[in-house]
Amino acid sequence: MWRLQNTIMSRIDIDHEYQALVTRSEKLLTDLQNKKKEEEERERLWRIQEEMDRERKRREEEEQRRRQEEEDRRLKAEMEVKRKQEEEERKKREEEERRLQMELELQLQAEREEDVARQAVLEQERRDRELAMRIAQSEAELIPEEALNDSGLRSNGSSVPSSPERAAIGASTNLKSYTMEEMAKEMTELLARGLQVQATKAAANTKKFELSKWKYAELRDAINTSCDIELLAACREEFHRRLKVYHAWKSKNKKRNAETEQRAPKSVMDYAAQQNPAPPIPAREHEVVMNRQQRYFRIPFIRPGDQYKDPQKPQKKGWWYAHFDGPWIARQMELHPDKQPILLVAGKDDMEMCELSLEETGLSRKRGAEILPRQFEEIWERCGGIQYLRSAIESRQARPTYATAMLQSLLK
């Protein structure tokens with residue numbers, strides 16, 4: 001521009017300069033437009049690539065979720081099959097016990113009838129002896145005393161007088177002794193076939209430890225430090241037995257207006273109350289048989305204190321989660337609407353946890369109660385269970401279980 005202003009130019013030169021300026025401006029505009037198109041194209045390609053990545057990721061997540069759902073269905077089907085097998089085995093055991101009980105009752109009835117018949121025979125023999133004694137006494141009045149003594153010596157070969165009463169007593173004694181021995185032998189053979197008697201014998205054979213006089217601290221130290229599997233099982237059994245006795249005493253002696261405590265859902269406690277006081281398999285043997293299986297359960301739960309707070313509103317049920325390490329509970333959760341979750345671990349919270357064994361709770365026979373380990377662990381982690389269990393381990397309050405071992409291995 002400065003050159004145009006200070007230079008004398010002809011019209012032709014001015015037209016040439018003008019055309020050059022127009023050409024350069026058009027070229028610049030074209031370059032800008034091409035650059036803009038390239039940027040738009042790159043942005044379009046980037047968006048397409050991003051959309052393709054999202055779609056690929058979505059398909060991968062959907063495929064992973066589908067595989068996870070298939071795996072969950074397979075595991076749940078296996079758990080249902082296992083539950084049905086356990087239910088069938090339990091029914092077979094009960095049927096076998098009923099059959100043995102009927103056989104025992106029939107045997108006892110037959111023995112009672114035999115005993116009645118035997119008593120009738122003995123009564124008849126007693127009457128015959130009395131009649132013989134009366135006849136002998138009436139004849140003795142006619143026989144001299146010396147002849148009677150000589151006859152007694154000849155009949156017995158000794159100086160002890162012979163009498164029908166003494167002979168009858170001896171025969172009765174021999175008969176009674178033989179009958180009791182035979183009866184004991186038959187009863188032993190019959191009862192040896194009963195499952196409960198076999199379990200009782202096995203418990204008596206394995207009862208190597210007398211723990212009734214051990215203190216709580218001694219039981220706790222043995223559970224936390226011992227490597228003897230039988231001692232561990234015996235200590236756990238004794239510990240939970242004392243927990244049951246304590247809670248039974250506390251429930252019996254609580255105040256009438258005191259709030260009811262519930263460490264497990266009512267259905268679980270009611271099932272345990274309906275069962276026999278002694279389970280068919282001793283807990284320590286059951287623990288060895290189960291080989292410390294890890295099983296997880298979830299059932300609806302309403303705390304007793306929440307049942308009557310607002311009768312107008314329908315009760316919102318919470319969920320009770322339990323992790324059983326072998327026959328005994330290791331971790332427990334209570335999830336209630338509008339409340340903080342309650343987390344409990346064995347060792348630190350024994351007084352608030354379920355004290356019943358897995359067999360006594362009946363959870364393994366409740367349809368739909370057992371869940372996958374992943375389902376329990378997800379809720380446990382979401383509610384802060386890892387931090388809670390870690391704190392209990394660091395303060396040496398948590399009892400050694402499968403959960404504590406897994407957490408310690410992860411921390412290492």
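This is a predicted model: local features need pLDDT of at least 70, side-chain atom pairs count only at pLDDT 80 or more; totals for chains, interfaces and linings use all residues.
Residues are numbered from 1 along each chain as its sequence is written. Local features need pLDDT of at least 70, side-chain atom pairs count only at pLDDT 80 or more, and totals for chains, interfaces and linings use all residues.

A search of the whole structure finds three cavities of 30 Å³ or more. A cavity is a set of points, on a 1 Å grid over the protein atoms alone, where a 1.4 Å probe fits but cannot get out; lining residues have an atom within 4 Å of a point. The volume is the space filled by probe spheres set on the points.

| Cavity | Volume | Lining by class |
|---|---|---|
| Largest | about 70 Å³ | five nonpolar, two polar, four charged residues |

Residues lining the largest cavity include R236, H240, W328, I329 and A330. β3 (328-335) and α7 (229-252) each supply at least two lining residues, and β3 gives the most, with three. Helices (H or I, at least four residues) and strands (E, at least two) are DSSP runs. Among the residues lining the second largest cavity are H240, I329, D350 and R399.

β3 also belongs to an open, antiparallel sheet of five strands in the order β4-β3-β2-β1-β5. β4 (342-345) and β5 (370-371) are at the edges with a single partner strand each, so one side of each has no neighbour in the sheet. Pairing requires at least two DSSP bridges; β3 and β4 have four. M333 stands opposite L343 in β4.

Conventions
Side-chain values use heavy atoms; hydrogens and water are left out. On a 1 Å grid over the protein atoms alone, a cavity is a set of points where a 1.4 Å probe fits but cannot get out, and a pocket is an open set with protein on both sides within 12 Å along at least five of seven lines; lining residues have an atom within 4 Å of a point. Ala, Val, Leu, Ile, Met, Phe, Trp, Tyr, Cys and Pro count as nonpolar, Asp, Glu, Lys and Arg as charged, and the others, Gly among them, as polar.
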